[in-house]
Amino acid sequence: MKLLVIEDNAAMQTTLQRSFERRGFRVSICDDGAKALNRWQAGVPDVVLLDLTMPGLDGLDVLAQARAQGLTTPVIIITARGTLGDRILGLNIGADDYLPKPFDLDELEARIRALVRRQGQASEAAPRLVDAPSFCGLRADAESGAVYHHGQPLELPPREAALLRALLVRPGQAVAKDKLFDTVFADAADAQPDAIEVVAYRLRKRLAVTGAKLVTLRGLGYLLQPNE
């Protein structure tokens, strides 16, 4: 398993690299936020461990840019900035898990392996959308999960992209909010059911540049319709 550690503290780098290499991982270290994206793209890790306080580029900025570029690698934020606000912000930007320092290495390994398992299960369970007809110029690729609008990549945060992919399976038909929540927040055990409303609100605004609109049906869920 390939692990990318984006961390500028030398002692923490050494601890993580030695500990996880002894556990059979291949560990790559990057100590600069500005260089992290290039290392991430070049190495294609299985999991990224990301510190927030970094030189060059803050960890949250690294994460936001990575998700905007379509990098879907699971990310665990590891940081001494353990406030609730930082945690919520990191998860909303696209982190998959959050572990405040100091942490137990056995717990960190368990979280890494759980993320990889969930990633594999999601890939096996995901509906194949590559053969689905285009809807208002929108089409989802089954292999990468990327969404295209008239052949051009549509840049979306991970949760908004997950919601759109789920709706594109049955455009024009309502999908229940609880089912959409289970799909969009499959990796967030502490997410509240009404969080899907926030994602839907953001996606609705992003779809304004397309020919589709996101419609809320009270008591039924959400659906995609042509924006006439």
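User: What are the ground rules for the values?
Analyst: This is a predicted model, in which local features need pLDDT of at least 70 and side-chain atom pairs count only at pLDDT 80 or more, while totals for chains, interfaces and linings use all residues. Residues are numbered from 1 along each chain as its sequence is written, and side-chain values use heavy atoms, with hydrogens and water left out.

User: Why is helix 2 called roughly parallel to helix 3?
Analyst: Helix 2 (residues 33–43) and helix 3 (residues 59–68) pack at an angle of about 30 degrees, with axes 9 Å apart. Angles under 35 degrees count as roughly parallel, over 145 as roughly antiparallel, 65 to 115 as roughly perpendicular and the rest as oblique. The angle therefore makes helix 2 roughly parallel to helix 3. Axes here are lines fitted to C-alpha atoms, for helices over the stretch in contact, and angles run from 0 to 180 degrees between N-to-C directions. Helices (H or I, at least four residues) and strands (E, at least two) are DSSP runs, numbered from the N terminus.

User: Which hand does the crossing of helix 2 and helix 3 have?
Analyst: The crossing of helix 2 and helix 3 is right-handed. A crossing gets that name if the near helix is turned clockwise from the far one by less than a right angle, and is left-handed if anticlockwise.

User: Which residues in helix 2 and helix 3 meet?
Analyst: Gly 33, Ala 36, Leu 37 and Trp 40 in helix 2 meet Val 62, Gln 65, Ala 66 and Arg 67 in helix 3. Contact means heavy atoms within 4.5 Å. The residues of this contact divide into five nonpolar, two polar and one charged. Ala, Val, Leu, Ile, Met, Phe, Trp, Tyr, Cys and Pro count as nonpolar, Asp, Glu, Lys and Arg as charged, and the others, Gly among them, as polar.

User: What makes helix 3 and helix 4 roughly parallel?
Analyst: The axes of helix 3 and helix 4 (residues 84–93) cross at roughly 15 degrees and come within 9 Å. Helix 3 and helix 4 are therefore roughly parallel to each other. Helix 3 passes helix 4 in a left-handed crossing. Leu 60, Leu 63, Ala 64 and Arg 67 in helix 3 meet Leu 89, Gly 90 and Ile 93 in helix 4. By class, this contact has five nonpolar, one polar and one charged residues.

User: Why are helix 6 and helix 8 called roughly perpendicular?
Analyst: Helix 6 and helix 8 pack at an angle of about 85 degrees, with their axes 9 Å apart. Helix 6 and helix 8 are therefore roughly perpendicular to each other. From helix 6 the contact takes Arg 159, Glu 160, Leu 163 and Leu 164, and from helix 8 it takes Ile 196, Val 199, Ala 200, Arg 202, Leu 203 and Arg 206. The classes are six nonpolar, no polar and four charged.

User: How do you know that Leu 163 is buried?
Analyst: Buried means under 20% relative accessible area, exposed over 50%, partly exposed in between (1.4 Å probe, protein chains only). Leu 163 has a relative accessible area of 0%, so it is buried. Leu 163 lies in helix 6. Leaving aside neighbours within four places in sequence, Leu 163 is in contact with Leu 180, Val 184, Ile 196, Val 199, Ala 200 and Leu 203.

User: Which residues in the largest nonpolar core touch the most other members?
Analyst: Of its 30 residues, Leu 163, Leu 164 and Phe 185 do. Helix 6 gives the most to this core, with seven residues. A nonpolar core is a set of buried Ala, Val, Leu, Ile, Met, Phe, Trp, Tyr and Cys residues joined through side-chain atoms within 4.5 Å.

User: Is Asp 97 buried or exposed?
Analyst: Asp 97 has a relative accessible area of 16%, so it is buried. Asp 97 is found in strand 5 (residues 97–100). Not counting residues up to four places away in sequence, Asp 97 touches Val 75, Ile 76, Ile 77, Leu 91, Arg 111 and Leu 115.

User: Why does Lys 101 count as partly exposed?
Analyst: Lys 101 has 22% relative accessibility, so it counts as partly exposed. A cis peptide bond joins Lys 101 and Pro 102, with omega about -5 degrees. Lys 101 is found in the loop between strand 5 and helix 5.
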